[in-house]
Amino acid sequence: MPPAAPKPEILASFEAAKGFMPLGEGLALYEAALEAGRLGLPLLEVGTYCGRSAILLGDAAREAGVVALTVDHHRGSEEQQPGWEYHDPETVDAELGVMDTLPAFRRTLYRAGLEDHVVALVGRSPQIALVWNTPLGLVFVDGGHTDEHANADYEGWAPHVAEGGLLVIHDVFPEPEDEFTGQAPYRIYLRALASGAFTEVSATDSLRVLRRTRAGI
Ligand SMILES: C[S@@+](CC[C@H](N)C(=O)[O-])C[C@H]1O[C@@H](n2cnc3c(N)ncnc32)[C@H](O)[C@@H]1O
């Protein structure tokens with residue numbers, strides 16, 4: 001059976017949204033989210049940006065009858081700041097002169113018709129993780145790319161992946177010459193495998209899907 005694909009209008013919203021996820025990885029994320037949704041638990045993303053991948057999680061959550069949550073302080077990662085390679089001047093708040101991707105995210109979600117299926121958690125990932133206490137069907141790590149941020153995301157959110165649930169990590173580049181924003185995501189991917197708590201399910205370009213097969217991180 002071919003993997004489930006989002007409806008054309010969802011794909012069109014995904015393609016129209018600002019963001020960093022190529023279509024092939026998006027489809028792999030969607031498939032993982034649909035599968036994880038069968039556990040009947042929320043799906044959570046770290047790193048909303050303007051909502052490109054959140055569209056796919058939100059649509060999969062709608063299909064599964066669960067909710068998608070997406071965490072971001074909306075001030076951008078290091079490499080998205082002015083002067084850096086991934087900066088988009090349209091994401092700057094003209095009054096404050098700092099990045100604010102929340103308005104673009106809200107427009108993305110509204111246009112995709114997914115406001116009832118995605119909850120935005122606005123703040124720093126470790127602070128939100130600290131007060132989080134609900135098992136999750138899927139955790140998608142696509143936040144900051146420093147070791148400090150990637151490890152904090154792993155330590156803060158991986159413990160909440162339920163038995164049989166999925167941990168998805170973006171921007172996993174085993175070869176240093178292939179990456180542009182650091183290999184921290186690759187290092188947390190290795191850490192998850194080395195923990196013995198997660199087993200690899202699939203690899204699609206830089207997207208890795210792991211399943212929790214025993215307790216721990
Ligand atoms: C690579 S972008 C996410 C891309 C998005 N998933 C997409 O599909 O377009 C990373 C995002 O993580 C956010 N971020 C980085 N460090 C964070 C932290 N410690 N807490 C919350 N958000 C953070 C940034 O603000 C940025 O929007």
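Two strands pair if DSSP finds at least two bridges between them. Helices (H or I, at least four residues) and strands (E, at least two) are DSSP runs, numbered from the N terminus. The model is predicted: local features need pLDDT of at least 70 and side-chain atom pairs count only at pLDDT 80 or more, while totals for chains, interfaces and linings use all residues. Residues are numbered from 1 along each chain as its sequence is written.

**Exercise 1.** Determine how strand 1 is joined to strand 2 and to strand 4.

*Solution.* 
1. Glu-45 has Thr-70 of strand 2 as its bridge partner.
2. Strand 4 (residues 136–141) also pairs with strand 1 in the parallel sense, over 4 bridges. Here Val-141 of strand 4 is the bridge partner of Val-46.
3. Strand 1, helix 3 and strand 2 form a right-handed β-α-β unit; right-handed means that, with the strands pointing away from the viewer, the path from the first strand over the helix to the second runs clockwise.

**Exercise 2.** Identify the elements against which the buried residues of helix 6 pack.

*Solution.* 
1. The buried residues of helix 6 (residues 147–157) include His-149, Asp-153 and Trp-157.
2. Two residues are in contact if their C-beta atoms, placed from the backbone, lie within 7 Å.
3. The buried residues of helix 6 pack against strand 1, helix 5 (125–130), strand 4 and helix 7 (184–195).

**Exercise 3.** Describe the shell of residues around the ligand.

*Solution.* 
1. The ligand is surrounded by 22 residues, the closest being Gly-19, Gly-47, Ser-53, Ser-125 and Gly-144.
2. Helix 3 (52–64) and strand 2 (68–72) each supply at least two residues of this shell.
3. The shell divides into 4 nonpolar residues, 13 polar and 5 charged. Ala, Val, Leu, Ile, Met, Phe, Trp, Tyr, Cys and Pro count as nonpolar, Asp, Glu, Lys and Arg as charged, and the others, Gly among them, as polar.

Conventions
A residue is near a molecule or strand if its C-beta atom, placed from the backbone, lies within 6 Å of it. A residue is buried if 20 or more other C-beta atoms lie within 10 Å of its own, exposed if 12 or fewer, and partly exposed in between; C-beta atoms are placed from the backbone.
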